[in-house]
Amino acid sequence: QVQLVESGGGLVQAGGSLRLSCAASGGTFSTINMGWFRQAPGKEREFVARITWTGGITDYADSVKGRFAISRDNAKNTMYLQMNSLKPEDTAVYYCAGSGTIARRNERQYNYWGPGTQVTVSS
């Protein structure tokens, strides 16, 4: 019964930084593959980044590569998304997701989802 909840969203100026957190409760966090997705108004939900159980593999969408960094702290049951050099096009609701099995970029591969947190980047 893994439960996920995001925090850290808000309003930031273009070029600024924001750090999102995803806290997990229940289940065994250390065995869960994790990822971040986002959805802007009128657009499809898209993959942002993922990280494996041990953090040994990370993967980023081309649109955020070099600007965002995903990490996890299994002792704290928390995953993070550090977002730097933010652009207005990064504005979206950001969702954390988890899976007990292998999961890559397809949202259907993830079993657990948080309610989302709004990120707004002003120009």
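How many bridges join β3 to β8, and do these strands run parallel or antiparallel? Six bridges join them, and the two strands run antiparallel. The model described here is predicted.

## The four-stranded sheet

β3 and β8 belong to an open sheet of four strands, ordered β1-β3-β8-β7 with antiparallel pairing. The edges are taken by β1 (3–7) and β7; each has a single partner strand, so one side of each is left without a neighbour in the sheet. On average, neighbouring strands of this sheet are turned by 15° against each other, direction ignored.

Strands of a sheet pair through backbone hydrogen bonds.

## The disulfide

The structure holds one disulfide. It is formed by cysteine 22 and cysteine 96, with sulfur atoms 2.2 Å apart. This pair links distant parts of the chain, since cysteine 22 lies in strand β3 and cysteine 96 in strand β9, 74 residues apart.

The link is right-handed, with 60° about the S-S bond. Cysteine 22 counts as buried at 0% relative accessibility, and cysteine 96 is buried with a relative accessible area of 0%.

## The nonpolar core

The largest nonpolar core has 34 residues, of which Trp36, Met79, Leu81, Met83 and Tyr94 touch the most other members. Strands that each supply at least two residues of this core include β3 (18–25), β4 (33–39), β8 (78–83) and β9 (92–99).

Leaving out residues up to four places away in sequence, tyrosine 94 touches Trp36, Leu81 and Met83, among others. Its contacts also include Glu6, Arg38 and Gly116.

Definitions and conventions. Residues are numbered from 1 along each chain as its sequence is written. This is a predicted model: local features need pLDDT of at least 70, side-chain atom pairs count only at pLDDT 80 or more; totals for chains, interfaces and linings use all residues. Side-chain values use heavy atoms; hydrogens and water are left out. A nonpolar core is a set of buried Ala, Val, Leu, Ile, Met, Phe, Trp, Tyr and Cys residues joined through side-chain atoms within 4.5 Å. Buried means under 20% relative accessible area, exposed over 50%, partly exposed in between (1.4 Å probe, protein chains only). Contact means heavy atoms within 4.5 Å. Two strands pair if DSSP finds at least two bridges between them. Axes are lines fitted to C-alpha atoms, for helices over the stretch in contact, and angles run from 0 to 180 degrees between N-to-C directions. A disulfide is a pair of cysteine sulfur atoms within 2.5 Å.
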